[in-house]
Amino acid sequence: MEVLLAITGKDFVLTAADDTSARSIVIMKKGEDKSRALNDHTLMLFSGEAGDTVQFAEYVERNIRLYGIRTGIELSPNAVASYTRREMAESLRSRSPYHVNMLIAGTHPKTGVPEVYWLDYISNMAKLNFAAHGYASYFVMSTMDRYWKEGLSLEEVKSLMRKCIAELKVRFIGNLNFIIKVVDKDGIREETL
């Protein structure tokens with residue numbers, strides 16, 4: 001069971017991803033970081049088939065970094081999400097499509113506006129103020145919808161994330177641990193709730 005969450009605040013995005021790598025009822029690994037820093041202000045969270053997720057995430061990460069080196073321009077989260085969606089769409093039409101669901105979170109490098117993009121394995125993309133992937137979305141989207149409002153502070157978003165995680169711990173069997181990260185104008189950093 002894989003959980004990806006992202007919530008925008010005033011000038012940042014708070015993300016959470018469970019740290020478990022599992023298949024069916026078997027836990028294969030704990031402490032798995034399901035995120036990749038694509039550039040200084042954009043973070044991609046991913047879930048899906050084990051081999052596909054790592055391969056696709058590294059492919060996107062390397063190409064975004066290569067573009068930055070070649071041009072000297074840092075892509076905005078919108079540009080990163082559009083590029084990632086296009087790569088996923090091309091993969092979908094090949095003989096070996098990737099089965100990866102993603103949340104792309106970041107702040108615009110010039111304006112500092114926070115952005116979250118929800119992408120799924122069939123190349124659907126939507127810009128949202130808060131997002132979730134996996135079975136968690138059945139339980140946390142209503143909580144996010146009820147408590148999210150424009151311009152939340154970091155402490156308010158942390159409180160909302162704690163409510164979402166508490167709901168998941170009530171609803172799911174097993175011990176869920178999360179890796180929490182913040183993306184803001186200063187970059188990407190791990191955070192504690």
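Predicted model: local features only at pLDDT ≥ 70, side-chain atom pairs only at ≥ 80, totals over all residues.
Residues are numbered from 1 along each chain as its sequence is written, and side-chain values use heavy atoms, with hydrogens and water left out.

## The cores

Let us start inside. A nonpolar core is a set of buried Ala, Val, Leu, Ile, Met, Phe, Trp, Tyr and Cys residues joined through side-chain atoms within 4.5 Å. Buried means under 20% relative accessible area, exposed means over 50%, and partly exposed lies in between (1.4 Å probe, protein chains only). Helices (H or I, at least four residues) and strands (E, at least two) are DSSP runs, numbered from the N terminus.

Which residues touch the most other members of the largest nonpolar core? They are L5, I7, L168 and F178, in a core of 24 residues. At least two residues come from each of β1 (4–8), β2 (12–18), β10 (130–133), α3 (136–147), α4 (154–171) and β11 (178–184). Helix α4 gives the most, with 6 residues.

Contact, or touching, means heavy atoms within 4.5 Å. Leaving out residues up to four places away in sequence, F178 touches V3, A16, A17, D18, I165 and L168. Another core lies apart from the largest one; it has 18 residues, including I64, A81, M88 and I104.

M161 sits in helix α4. Is M161 buried or exposed? At 0% relative accessibility, M161 is buried. Beyond its neighbours within four places in sequence, M161 contacts L5, I7, L14, T15, A16 and L193. The C-alpha atoms of M161 and A6 are separated by 8.7 Å, although these two are 155 residues apart along the chain.

## Helix α2

Next comes α2, which covers residues 77–92. The expected span of a helix is 1.5 Å times one less than its number of residues. For the 16 residues of α2 this gives 22 Å, which agrees with the 22 Å between its end C-alpha atoms.

The buried residues of α2 are P77, V80, A81, Y83, T84, E87, M88, A89 and S91. Their cover includes β5 (35–39), β6 (42–48), α1 (50–71), β7 (100–107), β8 and β9. E87 has a relative accessibility of 9%, so it counts as buried. Not counting residues up to four places away in sequence, E87 touches F56 and Y59.

## Out towards the surface

I25 belongs to the loop between β3 (20–23) and β4 (26–30), and I25 is exposed at 80% relative accessibility. Together with V26 and M28, I25 forms a nonpolar surface patch of about 360 Å² of accessible area. Such a patch joins nonpolar side chains (Val, Leu, Ile, Met, Phe, Trp, Tyr) within 5 Å, and its residues have over 30% relative accessible area and no salt bridge; like charges are joined within 9 Å. Accessible areas come from the Shrake-Rupley method with a 1.4 Å probe, and for residues only the protein chains shown count as cover.

K127 in strand β9 is also exposed, at 52% relative accessibility.

S123 lies in the loop between β8 (114–119) and β9 (125–128). Most residues other than glycine have a negative phi. The phi of S123, however, is positive, near 70°. S123 is buried, with a relative accessible area of 4%.

## Salt bridges

How many salt bridges does the structure hold? There are 15, each one a side-chain nitrogen of Lys or Arg within 4 Å of a carboxyl oxygen of Asp or Glu. Here are three of them.

| Pair | N to O distance |
|---|---|
| R86 and E87 | 3.0 Å |
| K158 and E191 | 2.9 Å |
| R171 and E167 | 2.7 Å |

The pair of K158 in helix α4 and E191 in the segment after β12 (187–190) links distant parts of the chain, 33 residues apart. K158 is buried, at 8% relative accessibility. R171 and E167, by contrast, both lie in α4, 4 residues apart, or about one turn of the helix. E167 is partly exposed at 24%, and R86 is partly exposed at 43%. Finally, salt bridges link R36, E58, E61, R62 and R65 in a network.
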